[in-house]
Every structure is written in C-alpha cells, then in structure tokens.
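User: Could you take a close look at one part of this model for me, the way its helices pack against each other? Some context on the whole chain first would be welcome.

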Amino acid sequence: MWCMKKEGMKESREDYLETILVLNRKSPDDVRPVDVANHLGITKPSVTRAMTELEKEGHIRRNEKGRLLLTESGREIAERVYEKHCVITQLFSRCANVSEETAESDACKVEHVISEETFQGIKSYLNAMPKSVEN
C-alpha cells in the first residue's frame, strides 16, 4: 500500500496526486480512478470524490476516456511530494538501517510535514555521504 493519510485533507490530496504521478509513469495516460483506489487500498467512491475536488482546484483533468491526468500545478505538487518521499525513504533505509517497508511507511508520514529547510538539509547530507557508509 502506498501513502494514504487520514489526518488532513491536504495530506490526502497530496497522496492522490503523488499516486497519479507514480501510476502515470507506469502507464502514461491510462490512470483510472479504480487504479488509484487499488494502489492506495481505499474505496473507489472516496477516490471519485477526491478527484472531483482536485479537478475543481485545477490539479487534474480527465481525458476523453475518463483517465486521470495531472495539470501543471498537480504535477508540481506530486513531484515535490514524491521527491520528499524518495529522499526520506533513502535516509531511513541508509542511515537508520530500517527495512524498506518501514522506511516507506514512515516516509509517507513525514513527507507532508517536513520543513523545506530540513528537507534540503537531508538531501545535502545524503549527497555528501561517502559511498562506503552506505549499506
């Protein structure tokens, strides 16, 4: 299961956009609401409601087949969250030596609340880390 937050609307919307991005990379222009629901382990009606809101906000659009596409603003949000997810997962797995599953799960929680300053510091730290320190 990918990230899915229950705490707040902002986090869940970010997770939806991130999921569309990830699924779109696997199957361009062929992401259906049911694919998002299956990926997140939630109900299709929940996804449908969220997609309606994201469409109203201008973060997604649907093509003629009803497939979900990110707009420029949606893609920017999704890529920002996905980058945080990947970097934080890497930090937890490389530096804290936790399992990939735990690192992924914990990154899902942290990616929405971490400050930009801290995130940039983590990126710098990982980039400067000697290769011999890695697992």
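Analyst: Six helices and two strands make up the chain's elements, where helices (H or I, at least four residues) and strands (E, at least two) are DSSP runs numbered from the N terminus. Their order from the N terminus is α-α-α-β-β-α-α-α. Please keep in mind that this is a predicted model, in which local features need pLDDT of at least 70 and side-chain atom pairs count only at pLDDT 80 or more, while totals for chains, interfaces and linings use all residues. Residues are numbered from 1 along each chain as its sequence is written, and side-chain values use heavy atoms, with hydrogens and water left out.

Of the 135 residues, 45% are buried, meaning under 20% relative accessible area with a 1.4 Å probe, protein chains only. Taking contact as heavy atoms within 4.5 Å, 57% of the contacts between residues at least 6 apart in sequence join residues at least 24 apart.

Now to the helices. Two packed helices are described by the angle between their axes and the distance between the axes. Axes here are lines fitted to C-alpha atoms, for helices over the stretch in contact, and angles run from 0 to 180 degrees between N-to-C directions.

Let's start with α4 and α5, which pack at about 135° with axes 8 Å apart. That makes α4 oblique to α5, since angles under 35 degrees count as roughly parallel, over 145 as roughly antiparallel, 65 to 115 as roughly perpendicular and the rest as oblique. On the α4 side, the contact is made by His-85, Ile-88, Thr-89, Phe-92 and Ser-93; α5 contributes residues including Ala-103, Ala-107 and Val-110.

Val-110 is partly exposed, at 26% relative accessible area, a class that runs between the buried limit and the exposed one of over 50%.

Helix α4 (residues 72–95) also packs with helix α6 (residues 116–128), at about 55° and with axes 10 Å apart. That makes α4 oblique to α6. Here Glu-83, Lys-84, Val-87, Gln-90, Leu-91, Arg-94 and Cys-95 of α4 meet Glu-116, Phe-119, Ile-122, Lys-123, Tyr-125 and Leu-126 of α6.
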